[in-house]
Amino acid sequence: EKALGMAKLSEAMVLRGFTTVRDTGGEITGLVRAIATGLCDGPRIVRSGRAISQTGGHGDCDIAEGPICACQVYSNDLSHVADGPDAVRAAVRAELRAGSDFIKIMSSGGVASPSDPFDAVQYTPDEVRAATVETDHRHTYTTSHAYQPEAISQAIENGVRCIEHGNLLDAPTARRMAELGVTMVPTLVTYAAMNELGPKAGLPE
C-alpha cells in the first residue's frame with residue numbers, strides 16, 4: 001500500500017511540472033529504483049535517505065525502548081537512531097553507501113515527534129562533527145533540522161552547511177550563517193499543511 005501510494009504521488013509531481021525534487025528524510029530507495037527503471041514515472045530525486053537522530057530525538061519515532069548500546073544503531077523508515085560520534089559516523093557511512101546524495105541530522109526537537117520538546121537541542125558538537133567530516137570526505141554536505149538559535153549555532157559551527165526550518169532564527173545567528181555561507185530552507189508550506197491536516201492526524205493544537 002505504501003509503495004503504491006509513493007508511486008502515485010511521484011507521478012503526480014511530474015504532472016505538476018516538477019522534474020527534480022529534494023527529499024530530506026526517509027527510506028525511498030525502492031521509489032528511486034522504480035523511477036530509474038521506468039516502473040513508475042517520477043522526478044529526479046536528490047535524497048538524504050534516513051535522517052540521523054539521537055535516542056529520544058526528532059527522528060526517534062518509537063516510543064517503546066530501543067537497545068541501549070553505544071556501539072549500536074537502530075533504524076526505522078524515517079531515520080537511523082545513533083548515539084555518540086562512532087555510531088553517528090557508522091550511520092552516515094551506511095546511508096552514503098546506500099546511495100544518499102547528502103545527509104540530514106536532527107539538531108533540535110520537533111513539532112511532530114513523540115518524545116522530544118520543541119526547543120530541545122540535540123546532539124553534541126562531537127556528534128555533529130562526526131557527520132560533517134564524513135560528508136566533507138564524500139564531497140557532499142550535511143543539512144540539519146533545527147529551529148532555535150542554539151541548535152542552529154551548534155550545527156553550523158561544526159560543519160553543517162544547510163538548515164531546514166530555522167523558524168526561531170534570530171539576527172545574530174542569521175549573520176553568522178551568512179558569514180559561513182550556510183543556506184536555510186524555511187519549509188513554510190509544512191506549517192500550512194499541518195494547520196490543515198494536523199487535527200485529522202491527531203496532532204495537539
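R93 is partly exposed, having a relative accessible area of 47%; here buried means under 20% relative accessible area, exposed over 50%, and partly exposed in between (1.4 Å probe, protein chains only). The structure is a predicted model, in which local features need pLDDT of at least 70 and side-chain atom pairs count only at pLDDT 80 or more, while totals for chains, interfaces and linings use all residues. Residues are numbered from 1 along each chain as its sequence is written, and side-chain values use heavy atoms, with hydrogens and water left out.

The side chains of R93 and E134 form a salt bridge, with 3.0 Å from N to O. This pair joins distant parts of the chain, since E134 belongs to helix 4 and R93 to helix 3, 41 residues apart. E134 is buried, with a relative accessible area of 8%. Through shared partners, salt bridges connect D86, R89, R93 and E134 into one network. A salt bridge is a side-chain nitrogen of Lys or Arg within 4 Å of a carboxyl oxygen of Asp or Glu.

## Other salt bridges

In the whole structure, 8 salt bridges are found. One of them lies between D86 and R89, whose closest N and O atoms are 2.9 Å apart. D86 and R89 are 3 residues apart in helix 3, so about one helical turn separates them. D86 counts as exposed at 59% relative accessibility, whereas R89 is partly exposed with a relative accessible area of 25%.

Another salt bridge joins D77 and K2, with the closest N and O atoms 3.1 Å apart. Because D77 lies in the loop between strand 4 (74–75) and strand 5 (79–81) and K2 lies in helix 1 (residues 2–15), the pair ties together parts that are 75 residues apart in sequence. D77 is partly exposed, its relative accessible area being 48%. Helices (H or I, at least four residues) and strands (E, at least two) are DSSP runs, numbered from the N terminus.

## Helix 3 and helix 4

The axes of helix 3 (residues 85–97) and helix 4 (residues 125–137) come within 8 Å and cross at roughly 30°. Helix 3 is therefore roughly parallel to helix 4. Axes are lines fitted to C-alpha atoms, for helices over the stretch in contact, and angles run from 0 to 180 degrees between N-to-C directions; those under 35 degrees count as roughly parallel, over 145 as roughly antiparallel, 65 to 115 as roughly perpendicular and the rest as oblique.

At the contact (heavy atoms within 4.5 Å), P85, V88, R89, V92, R93 and L96 of helix 3 meet D126, E127, A130, A131, E134 and T135 of helix 4. The residues of this contact comprise 6 nonpolar, 1 polar and 5 charged. Ala, Val, Leu, Ile, Met, Phe, Trp, Tyr, Cys and Pro count as nonpolar, Asp, Glu, Lys and Arg as charged, and the others, Gly among them, as polar.

## Helix 5 and helix 6

Helix 5 (residues 149–156) packs with helix 6 (residues 171–180) at an angle of about 20°, and their axes are 10 Å apart. These two helices, helix 5 and helix 6, are therefore roughly parallel to each other.

In this packing, P149, I152, S153 and I156 of helix 5 meet T173, R176, M177 and L180 of helix 6. The contact of helix 5 with helix 6 involves 5 nonpolar, 2 polar and 1 charged residues.

## L15 in helix 1

L15 is located in helix 1 and counts as exposed at 78% relative accessibility. The C-alpha atoms of L15 and R97 are separated by 31 Å, and the two residues are 82 residues apart along the chain.
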